Amino acid sequence: MTEKNDKKKIISLVVLCVSIVALTTSLTYAYFVSQVGTNDQEKITIKSGDLALTFRDNDETVENTEGTWNFGDSIEKELVIENTGTKDAYAKISWDNLINTYLAESLAYTLEEKSDESGAVWKPVGTVSANVPRSESASIQPLADHLLVPAGHTYTYRVRITFEHLEDIDQTADLNAKFITKFILEQGKPDVSLLELIENVKTVAPNFASPATTDETADGLFSMEDDYGTSYYFRGTAPNNYIKFGRNVNGQDMWWRIVRINGDGTIRMQYDGAGTSGSNTYTRGFALSNQIWTEYKTDAKYAGWMFGGANGSASTSKEQAQRNETDLPLKTKVDEWYKENIVDTGYHSYVADSIFCNDRSSSGAGYGKNVTAYGFYSKNAQLTFERVTPQFTCPQENDKFTVEETSGGNGALTYPVGLITSAEIVAAGSGNYKTQNNSYYLNKEEPYYSLSPCNFSGFDLSVFAENGMFRGYNTGAGYTASVAPVINLKAKYLDKLHGKGTIDNPYFLRNY
């Protein structure tokens with residue numbers, strides 16, 4: 001296009017928008033190409049069993065037959081979906097009778113939504129494409145699927161179409177292009193990619209003695225019993241376990257990696273970093289850096305996430321050492337982070353109270369200055385850190401940390417947050433004692449704490465830590481590591497996750 005950087009070209013645009021479309025179990029719609037308002041007499045609702053959605057325009061103007069656009073100009077259309085049924089429903093919005101002869105990237109579009117719960121707050125919604133699809137003849141093309149509308153709620157969707165100025169592309173052909181469309185509604189479906197992975201369970205256990213350097217769960221997850229039932233876990237590079245949940249105190253989206261689906265259906269995930277709200281990019285990192293486990297290192301009791309007696313006092317028995325009375329200093333820091341970034345930002349109600357295993361089962365006395373080997377380390381892994389088969393069940397009832405006893409644990413926690421365990425590190429595919437695995441998803445390239453104690457030598461304590469290797473890490477004063485908190489989403493959200501789990505299309509909950 002000549003002199004396109006010096007002046008804008010005016011393009012004619014024709015947009016015809018549907019006024020009313022109603023949903024049944026199959027595609028059903030009716031529309032008026034005229035001015036339609038929002039009063040109840042101009043709505044149509046067709047019911048089928050407990051499914052009842054109404055689709056209507058929310059604008060009084062539905063035609064723009066003589067509009068002209070300059071580069072950068074946009075047109076908006078608001079559509080409303082109301083669920084008057086008794087069950088949550090999924091909807092799919094499509095372009096109908098679409099004719100679009102503009103260049104492939106000339107017409108970009110976005111979709112946003114707001115609900116009767118969120119008020120005036122618009123939130124971005126994932127769409128099939130970033131550009132209006134080209135169509136030489138009238139056709140139906142998908143705009144967005146997997147739109148969850150809970151029973152009894154109303155959602156408003158705003159489609160914004162923008163005429164883009166394409167750098168270094170001749171847009172002369174757009175001068176005589178045509179764009180005509182209406183919108184229709186179909187019954188949608190949940191984005192079930194995570195559920196499909198669970199259904200495709202691996203029947204042969206992985207080789208835990210070898211690092212997992214590839215995506216070993218690309219087409220299905222491995223399973224293992226935990227304290228609630230059957231757990232399903234990711235292993236290897238896992239490019240499909242990204243999830244975006246919550247916004248931190250700075251307003252940034254928080255990113256996580258799904259570790260496993262617990263036996264009770266809750267979703268266990270580890271913090272992985274934060275990024276600009278609304279974008280699918282983030283900086284990988286930790287919630288806390290340069291942290292010590294405890295400044296006290298001369299007593300076996302500090303293997304606990306909580307312990308008996310005050311900081312600095314000696315323990316005199318295993319029972320007293322493992323009495324959950326006093327928070328480990330690091331636990332206090334993690335609780336503070338959780339309150340500030342989850343509770344105070346309004347996301348606490350989404351988090352489940354599930355067991356975090358601080359495995360203090362041991363082959364030694366487990367108190368005072370007595371040499372003690374704990375959990376994983378005591379099971380044939382001593383000295384060589386030989387890889388043994390991990391287990392997700394927690395050997396001691398007292399080590400099952402939960403907020404409430406009714407959640408199957410000890411009821412000692414203040415908040416439902418913990419750390420990764422040594423069993424989860426090995427199940428995910430870590431490197432061996434002397435060989436770092438740079439490929440698998442839990443490797444963050446620097447040490448961070450697990451919740452699993454390793455051994456107490458009589459004067460020093462170590463816990464299993466993660467930086468691509470399965471190995472112990474000293475915890476006393478002078479040694480620091482980072483912290484990646486672990487939380488569990490409630491089971492009821494398992495079938496409400498949208499996205500594909502990839503970094504450019506992560507899992508997310510739409511309605512928060």
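Predicted model: local features only at pLDDT ≥ 70, side-chain atom pairs only at ≥ 80, totals over all residues.
Good morning. Thr 162 belongs to strand E11, which covers residues 154–163. Is Thr 162 buried or exposed? Its relative accessible area is 15%, and the cut-off for buried is under 20%, so Thr 162 counts as buried.

The average pLDDT of the chain is 82, and 83% of the residues reach at least 70. Over residues 1–49, however, the pLDDT is below 50, although the model gives this stretch 149 contacts beyond near neighbours in sequence. Residues 58–67 also stay under 50 in pLDDT, and the model has 34 contacts for them beyond four places in sequence.

Let us turn to the interior. In soluble globular proteins, nonpolar side chains tend to be buried together. Here, the largest nonpolar core has 68 residues. Which residues have the most contacts inside this core? They are Phe 245, Trp 256, Trp 293, Trp 305, Trp 337 and Ile 342. Another core, of 27 residues, lies apart from the largest one, and its members include Ala 91, Ile 93, Val 132 and Phe 163.

My last topic is a loop. Gly 229 is found between strand E13, residues 222–225, and strand E14, residues 230–233. What is Gly 229 in contact with, leaving aside its neighbours within four places in sequence? The answer is Met 224 and Gly 263. Asp 264 is 35 residues from Gly 229 in sequence, yet their C-alpha atoms are 6.6 Å apart in space.

Thank you for your attention.

Note on methods
Residues numbered from 1 in each chain as written. Heavy atoms only, no water. Helix = DSSP H or I, 4+ residues; strand = E, 2+ residues; numbered from the N terminus. Buried < 20%, exposed > 50% of the residue type's maximum accessible area, 1.4 Å probe, protein only. pLDDT = per-residue confidence, 0-100. Contact = heavy atoms within 4.5 Å. Core = buried A, V, L, I, M, F, W, Y, C linked by side-chain atoms within 4.5 Å.
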